[in-house]
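Please walk me through one stretch of this fold. Take the helix to begin with, then the strands around it.

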Amino acid sequence: MSGPFSLRLPQWMWVELESHLFPGDDDEHGAVIGTSVAEVARGCRLLGRRLFLATDGIDYVPGQRGYRMLTPDFVRRCALACADEGLAYLAIHNHRGVNSVGFSRDDMASHRRGYPALLDILDGPPVGALVFARRAVAGDIWLSSSRQVELDHAVIIGRAQQMLYAAQRRPSGAVPRYDRQVRLFGDRGQDILSAQKVGIVGAGGAGSLINEYLSRLGVGHLAVVDPERVDRTNFPRLVGARPRDLAPRWLQSPLARVLRMRAALKVDIAERVAREANPRIRFDAIAGDVAEPGVVEQLLDCDAIFLAADSMTARLVVNAICHRYLIPTWQVGAKVQADEDSGEIHDVFSVVRRLLPGETCLWCNELIDASRLAEEAVSTEQRRAQRYIDEVPAPSVITLNAVATAHAVNDYLFATVGLPDGGDDLEVTWTKHRPLNPKPAIEIPRRDAACTECHGRLGAGGRERLPVQYSLP
């Protein structure tokens, strides 16, 4: 395990933990978190999966060498529960203070006494301790009896994302090109964006707009996934596409299909657009399907993901990443519902669906169609042989994509840099925007307590294989 260590907690876990640690009595309280360990490209992420609250006077008692301590029985029960699931064990308590926190000498001495034995019990995953103040956290992570590392930061994944450090970090100072937006969310907000890695699944009409917005906002690292090339049917909606990106007209006949490979990849166009907007950006142009194992691994260290591809396979995989790796996700799209025979338009809307780990899920809301998943798993040649009905291309207009993507990126921006969104209700809602209707349609996502994805696999990380290669979970 290498690289910076960070902790990611879903909102529900943080709400329970914060109310337990800070009930208003200005005293110290204890708990344990069991976390999955995800080794990703940008470091090691500890993903909150189990929370054990220590009852004052029973599990958390006056200490023999320090102020308070977890009882040996409580430690043993939590350690064995973590060992059964292959989780890391993190003991928790709180100190007074707001923006900075650290361990006492007694704290560090207790770690040296107890953690070598806990490492033996867990037999693989790390053990460690976290100490929280109101808006700060410090961590002492034991990888072995001879190797310890500090926690770099913690992220609370909720409607308003929080980043906690041991002490407040000073912003680096604004780049002149971002002067106008820094006036809105400050130097600290711009620093947050510059440190973000954001994934975009789908670089077509919606994804190309998201790519443009994020690169111009100063997001430091983009990973864009799409296997397709530009053609004359998607050219009008593809931001940054140029005539020379198309294959020549004489290559458009079916006999010259293989030669159409001369057309530009959508991800290469996206990279060109992003680098023109921000020459310093890190950009991963991933020309592949998100369901391919070699592709999906490149998204697991993202800080946020935008799902701009409308296949059921993409929905399946990205929904799994969101909940298993605790990565907030925005699904965007536009739809024109028309009668297949007459062409009469029945409905037109743009949609924004925010997926939060453990809270909002495509499975729970019946937005992943198992029959369509099965169809998508069949190759084009097999579909022809089995005489599947040819798919009729759906109507699409760039302005409808722009409505959805602008709302989604604004939502990401306000949540990530800590801007107030004007709402007091913590309930996450989904929206449909219809042309000429000034009021969006608000949807309250359903939650299924028996869902195997957003509940059963929440925070599981790599402990369970992602549903790649078109396999159902």
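This is a predicted model: local features need pLDDT of at least 70, side-chain atom pairs count only at pLDDT 80 or more; totals for chains, interfaces and linings use all residues.

Helix H5 covers residues 205-217, 13 residues in total. From its first C-alpha to its last it reaches 19 Å, close to the 18 Å expected at 1.5 Å a residue.

How much of H5 is covered? Mostly: 11 of its 13 residues are buried. Here buried means under 20% relative accessible area. Just after H5 comes Gly-218, with a positive phi of about 100°.

Next is strand E12, residues 221-225. Five of its five residues are buried, so E12 is largely enclosed by the rest of the structure. Which way do its residues point? His-221, Ala-223 and Val-225 point one way from E12. Leu-222 and Val-224 point the other way. Both sets are buried.

Now look at the partners of E12. Strand E11, residues 197-201, runs parallel to E12 and is joined to it by five bridges. In this pairing, Gly-199 stands opposite Ala-223 of E12. Strand E13, residues 282-286, also runs parallel to E12, and five bridges join the two. There, Leu-222 stands opposite Phe-283 in E13.

E11, H5 and E12 together make a β-α-β unit, and the unit is right-handed.

Technical notes
Residues are numbered from 1 along each chain as its sequence is written. Side-chain values use heavy atoms; hydrogens and water are left out. Helices (H or I, at least four residues) and strands (E, at least two) are DSSP runs, numbered from the N terminus. The expected span of a helix is 1.5 Å times one less than its number of residues. Buried means under 20% relative accessible area, exposed over 50%, partly exposed in between (1.4 Å probe, protein chains only). Two strands pair if DSSP finds at least two bridges between them. A crossover is right-handed if, with the strands pointing away from the viewer, the path from the first strand over the helix to the second runs clockwise.
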